[in-house]
Amino acid sequence: MTSEQREIWHNPRCSKSRAAKAALDEAGVDYVERRYLEQPPDAEEIRAILGRLGLEPWDITRTGEDEAKRLGVGGWTRTPADRERWIRALAEHPRLIQRPIVVTGDGRAVVARDEQSLRSVL
């Protein structure tokens with residue numbers, strides 16, 4: 001990925017993901033599309049994206065998903081000691097990852113669920 005290029009972690013079935021991808025297209029931004037349900041990130045990639053986002057794994061976990069409910073993540077504690085448990089869950093169940101995530105070539109990343117966040121990386 002070049003410093004001008006973006007990467008979008010995308011789920012084409014998600015309206016927020018489709019809207020972010022359309023905004024990138026409309027802005028003429030060069031990007032790589034990663035359909036993260038088909039190409040799930042491993043734990044190392046999740047740690048890296050969390051570092052770029054400046055967030056913790058529970059911040060990007062879709063706790064309302066059926067998989068999250070089956071795993072019981074709503075009852076998990078959110079401490080540094082629990083961080084790896086959350087990361088493993090995201091790696092093993094990528095559907096739990098909040099979307100879309102847009103990564104820039106210069107190291108920034110945002111969960112681009114709203115227009116303001118998306119604009120920050122265009």
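## A charge over a ring

Let's start with a single side chain: Arg34 lies over the face of Trp9, at 5.2 Å from the ring centre. Keep in mind throughout that this is a predicted model.

Search the whole structure for aromatic pairs and you get two. One joins Trp58 and Trp86, edge-to-face, with 5.8 Å from centre to centre and 75 degrees between the planes. Trp58 sits in the loop between helix 2 and helix 3, while Trp86 belongs to helix 4, so this pair ties together parts that are 28 residues apart in sequence.

The other pair is Trp76 with Trp86: the ring centres are 5.3 Å apart and the planes stand at 85 degrees, so this one is edge-to-face too. Here the loop between helix 3 and helix 4 supplies Trp76, so the link to Trp86 in helix 4 bridges parts that are ten residues apart in sequence.

In soluble globular proteins, nonpolar side chains tend to be buried together. In this model, the largest nonpolar core has 21 residues, and the ones touching the most other members are Ile49, Leu53, Ile60, Ile97 and Ile101. Which helices and strands each give at least two residues to this core? They are helix 2 (43-53), helix 4 (83-92), strand 3 (101-104) and strand 4 (109-111).

There's also a second, separate core, made of eleven residues, with Ala20, Val29, Val110 and Leu118 among them.

## A buried glutamate

Now for Glu65, which you'll find in the loop between helix 2 and helix 3 (66-71). Why does Glu65 count as buried? Its relative accessible area is 19%, and buried means under 20%, so Glu65 falls on the buried side of the cut-off.

What does Glu65 touch, beyond its neighbours within four places in sequence? Its contacts are Arg95, Leu96 and Arg99.

Note on methods. Residues numbered from 1 in each chain as written. Predicted model: local features only at pLDDT ≥ 70, side-chain atom pairs only at ≥ 80, totals over all residues. Heavy atoms only, no water. Core = buried A, V, L, I, M, F, W, Y, C linked by side-chain atoms within 4.5 Å. Buried < 20%, exposed > 50% of the residue type's maximum accessible area, 1.4 Å probe, protein only. Helix = DSSP H or I, 4+ residues; strand = E, 2+ residues; numbered from the N terminus. Contact = heavy atoms within 4.5 Å. Phe/Tyr/Trp six-rings, centres within 6.5 Å; stacked < 30°, edge-to-face > 60°. Lys NZ or Arg CZ within 6 Å of the ring centre and 35° of its normal.
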